[in-house]
Amino acid sequence: VLALVDMIITYGWSRVGLLFSDDSAQSGLAQDFFTVGTKANLKVVSYLLFGSGTNVTLQLERIRNNNVTIILLFCGATDAENVLLTAHSFGMVGFPYVWIGNDDWISSSFWKSNPDLTLYVNGALGVSYFPGFGDQFQTFQTQYLALTGFERLFEYASYLYDSIFTYIWASQSLIMNYGITPENNLTTFRTELNSIIETIYFDGVTGFVTFNNGERTRAVMQIVNIVNGDMNRIAYWQNGRGWIPVQGETTVWADGTTRIPSDEPPKRIFRVSVGLRISFQVLAGIGIIVALVVLYFVFLWRNKSVMRAASPFFMVLMLVGVLMGYSMVFLFSAENDKFTCVFNPWFGHTAFFLVFGSLFAKTWRIWQVFKASEELKILKITNLAVFYWVLGFASLGWTVLVIWMIVSRPTPELIADDVNLTIVYQKCHTTVLFYSILYALEFLCLIIGVFVSYKVRTVRITRFNESTWIALCIYSISMLAIIGLPAVYLLGLSPNIIYVIQAASFLFCTSLVLGLLYVPKIMFIVKG
């Protein structure tokens, strides 16, 4: 168990699934692993028992639904064959899945009995007792092969040798030091023999030998990796010494590479619903068409008194901002990447600067001109002078944007869903500071707009007085900002809801400007 836990930690894994048969030995091994693994901060996501010889479909479904890819299987060879064949039907063998077994089924005789299993266990890992390593073991192995004439070392010969050595040492100690022999007192001999064995420790051919409650406590384990039907020894493990890699050996996984599979659930990037995107894009497309038609009429009727009073140059500039606002719906529909994370703030805020900067600047000119006329003065303010105000306001915003991009450029970041670990959202990560500064600047612009529109409310010539429409625009946009901004940035909503809020906000604001500030003028001209 310690070897298994240490191996899992060595590979950098922390999430595992545990599937074991109802055999008492396998159940005990599973319980020990759960206890030791939990103390080592391993998370056993699935802990599932199955009856020997029974169907394991439900257990495998739970493991798959829990997105576990590192699976420990404790059972006999027959049950292991059944589990792996069923796992194959579920697509749970091969990369990125890793199956880990004990020596009950991690052996060449197991998978070579069924050719299909050779493929299914490719990349699997196993832990089993190993005869030993080091100089003493090599000497023993040489002597063993020479004396027996065998081609290879019997798997447990070295352990048997150390066990017999321990028994002889303990027996000799009882006979020589205490005069206790099996012949004169067999019961006492057995009891005292176990006590003596508990005190024995030495470097044997299988490594450091010591016992606790009659069990070997520092046995050597081998870590094996199954590759194309061969069982490759990649490391040794011994309590107190830990993981000892075999020089020149590396772990090869099911995909044939040495890249360690991740134990994290496979991620699925959540994308905004296609239906939502198409719906809002159609609406935005209609808005763009309407805005282009309005632009045509503004240019066509630029010499009409209503259009001249509204300043055709700034009406065109505002329409450019409106078109940019509708285009933001398409940008919101795109996946957040290095380009959109940087481009969207520039495009969206510039649209605001053009629409409301132009609107309030030209309204300011009307206020100044009529204020001068009340004082019997003639005041002429050119388009260029007004444009400087628009440019100055926009420059403030662009300066903030430039500093933002230098200090904390927005970058795409995957955010895991709190409920479903397999879903991640791609969001633009940056500091909230610069968003706050820009929104504060735009809110200041709206306040100035309220003030200016209030000042022109007394202008008696209707074609010059847009205060009512401006006030409605500012009120609606302000309410939308108060409700929408906290929802987007503070509530942690899903991408679908965030997309709806963002896309609907831009559609509403741009359509409001179009409907309140342009349509009445066009209808006025059409009606003569």
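The secondary structure of the protein chain, taken here from a predicted model, comprises 18 helices and 14 strands. Of the 528 residues in the chain, 45% are buried, and the accessible surface comes to about 27300 Å², with 61% of that area belonging to carbon and sulfur atoms.

Helix α18, which spans residues 519–526, has Lys-521, Ile-522 and Ile-525 as its buried residues. Seen down the axis of α18, these buried residues fall within an arc of 95°, and they therefore line one face of the helix. An α-helix has 3.6 residues a turn, so residues three or four places apart point the same way. The cover over the buried residues of α18 includes α10 (274–300), α11 (305–309), α12 (312–333) and α17 (495–517), whereas the face turned away from the buried side carries the exposed residues Phe-524 and Val-526.

Helix α12, one of the elements that cover α18, is also paired with helix α14 (residues 383–408), the two axes coming within 10 Å and crossing at roughly 30°. Because angles under 35 degrees count as roughly parallel, α12 and α14 are described as roughly parallel to each other. The contact is made by Phe-313, Phe-314 and Leu-317 on the side of α12, and by Asn-383, Val-386, Phe-387 and Val-390 on the side of α14. By residue class, this contact between α12 and α14 divides into six nonpolar residues and one polar residue, with no charged residue taking part.

Definitions and conventions. Residues numbered from 1 in each chain as written. Predicted model: local features only at pLDDT ≥ 70, side-chain atom pairs only at ≥ 80, totals over all residues. Heavy atoms only, no water. Helix = DSSP H or I, 4+ residues; strand = E, 2+ residues; numbered from the N terminus. Buried < 20%, exposed > 50% of the residue type's maximum accessible area, 1.4 Å probe, protein only. Areas by Shrake-Rupley, 256 points an atom, 1.4 Å probe, with all protein chains shown as cover. Arc of directions from axis to C-beta. Contact = heavy atoms within 4.5 Å. Axes fitted to C-alpha atoms, helices over the stretch in contact; angles between N-to-C directions. Parallel < 35°, antiparallel > 145°, perpendicular 65-115°, else oblique. Nonpolar A, V, L, I, M, F, W, Y, C, P; charged D, E, K, R; others polar.
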